[in-house]
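Subject: Structure handover

Hello,

Here is the structure I promised to pass on. Please open it first, then read my notes below.

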Amino acid sequence: MPLSDIIGQDKTVRRLRALAESRRIPPAMIFHGPPGIGKFAAAFEFAKAVNCSHTEHRDRPAAAAAPDPDDLFAAPAPAAAPEQAAPLKTHADLSDSCGMCLSCRQAASGAHPDIRVVDTVFQAAFLDEDESANLKIDTMREMTRWAQQKPMLAPWKIFIVRDAEAMVANAQNAILKTLEEPPPGTLVILTVSRKAALLSTILSRCCLIEFGPLPEAALRTILAAQGADPAEAARLAALGGGSLEKAAEAGAFIKRVSALRPGDPARAFKFAAGLPRDSHQAREEVKTLLDLLLSKTRTAWAGAEGPAKDRLTALLRRTLELRRMADRNVSYLLLLETALLEGERAGLKLEDLIRTV
Ligand SMILES: [Zn+2]
């Protein structure tokens, strides 16, 4: 997939293509924006575009074994296939990857020696330990050591530090020098959702590339390409708030609510009991529920009159307040129970939240 196939980030992709074409690549870059909007995919495609040679690569035909002089029945060596002589194709668009050169083909196979992804999965393999939430100093030191080596295949040696906010402070300090005085031909791209988690010394050394939430239509197209049927893609895109990650959370949420029996008086309790064990994920799911409650309340409010409208106005205020509290350290179970109770009091049941308007 070249940069031109990235959906929903048109302005940013134009900027990246202009940089790739100019060949004046900043040696340290930060791709930042909300989670689940394609920052990593863009970083990888940009790395491919920067390292692309724009000339077709053909595998050499396997060398024919020399005929055995004592074997009178040896078949004569086959003549070279005529297509081998055809001139190599070239790719005129220098702002994007070609998909046919050796570098592009290596990148597509996941085995490019000069494009390396540094993340917690790599770290677990490198340090031979369980995956950790943080990127440690030893991992980032290894990256700086690689950065000193010459590229093996392509013009640039590119490191993509995925979710770079996972770097602990001393790990961030360990890459400062590489960002400040990068060895020739080195490019470091940090992808981050929370820029504030990076040291100011890191931020000031990098070129910032901003990514925004995906437009709903773009999200729908991506979800459909991932196999969702059109109705499901439309529903998840509407709930996804511009993020593939949020859309996936909404999908999991819908599945769980759908499994509850409508009218079961204990369904709110059962829903709470089924929240993910990981407290961060559980909190994210409660936020998804509050976002759904907000959007349903707004819709119902617009069409309501009289006392029902007053009840919905109160619910809207209360849900907004709960949503703000969800970003702070308030118990997410308490928020969930309060939201479900108040929703039902105003006539919005748990199963109403996932109904498509
Ligand atoms: Zn290429």
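In helix 5 (residues 137-147), the buried residues are T139, M140, E142, M143, T144, W146 and A147. Buried means under 20% relative accessible area, exposed means over 50%, and partly exposed lies in between (1.4 Å probe, protein chains only). Helices (H or I, at least four residues) and strands (E, at least two) are DSSP runs, numbered from the N terminus. The buried residues of helix 5 pack against strand 2, helix 4 (120-127), strand 3, helix 6 and strand 4 (186-192).

Two notes before the rest. This is a predicted model: local features need pLDDT of at least 70, side-chain atom pairs count only at pLDDT 80 or more, and totals for chains, interfaces and linings use all residues. Residues are numbered from 1 along each chain as its sequence is written, and side-chain values use heavy atoms, with hydrogens and water left out.

L127 belongs to helix 4. Its relative accessibility is 24%, so L127 counts as partly exposed. Apart from neighbours within four places in sequence, L127 is in contact (heavy atoms within 4.5 Å) with K136, D138 and T139. The C-alpha atoms of L127 and C98 are separated by 35 Å, and the two residues are 29 apart along the chain.

An open sheet of 5 strands runs in the order 2-3-4-1-5, with parallel pairing. Strand 2 (115-118) and strand 5 (207-210) stand at the edges with a single partner strand each, so one side of each has no neighbour in the sheet. Neighbouring strands are turned by 20° against each other on average, direction ignored. That angle is taken between axes, which are lines fitted to C-alpha atoms (for helices over the stretch in contact); angles run from 0 to 180 degrees between N-to-C directions. Two strands pair if DSSP finds at least two bridges between them.

Strand 2 and strand 3 (residues 157-161) run parallel, joined by 4 bridges. V118 stands opposite V161 in strand 3.

How many residues of strand 1 (residues 28-32) are buried? The count is 5 of the 5, so strand 1 is largely enclosed by the rest of the structure. A28, I30 and H32 point one way from strand 1, while M29 and F31 point the other way. In general, side chains of a regular strand alternate between the two faces of the sheet.

Strand 1 has 5 bridges to strand 4, and the two run parallel. The bridge partner of M29 in strand 4 is I189. Strand 1 also has 4 bridges to strand 5, again parallel. There, I30 has L208 as its bridge partner in strand 5.

**The zinc site**

Which residues coordinate the zinc ion? They are C52, C98, C101 and C104, each through SG, at 2.3 to 2.4 Å. Donors are N, O and S atoms within 2.8 Å of the metal (3.2 Å for Na, K and Ca); water is not among the atoms, so sites may look incomplete. The angles among the 4 donor atoms are 96 to 118°, and the site is tetrahedral. Four donors count as tetrahedral if all angles lie between 85 and 135 degrees. The ideal angle for four tetrahedral donors is 109.5 degrees. In sequence, the donor residues are spaced C-x45-C-x2-C-x2-C. Both C101 and C104 are buried.

**Salt bridges**

The structure holds 18 salt bridges. A salt bridge is a side-chain nitrogen of Lys or Arg within 4 Å of a carboxyl oxygen of Asp or Glu.

- R205 pairs with E180, with the closest N and O atoms 2.9 Å apart. R205 lies in the loop between helix 7 (200-203) and strand 5, and E180 in helix 6 (residues 169-180), so the pair ties together parts that are 25 residues apart in sequence.
- E285 meets R256 at 2.2 Å, N to O. E285 is in helix 12 (residues 279-302) and R256 in helix 10 (residues 244-258), 29 residues apart. E285 is buried, at 9% relative accessible area, whereas R256 is partly exposed, at 23%.
- D327 forms a salt bridge with K287, the closest N and O atoms being 3.1 Å apart. D327 is exposed, at 53% relative accessible area, whereas K287 is buried, at 11%.

A network of salt bridges links K246, E249, E284, K287, D291, R323 and D327.

Best wishes

Note on methods. Tetrahedral: all angles 85-135°; square planar, octahedral: opposite > 155°, others 65-115°.
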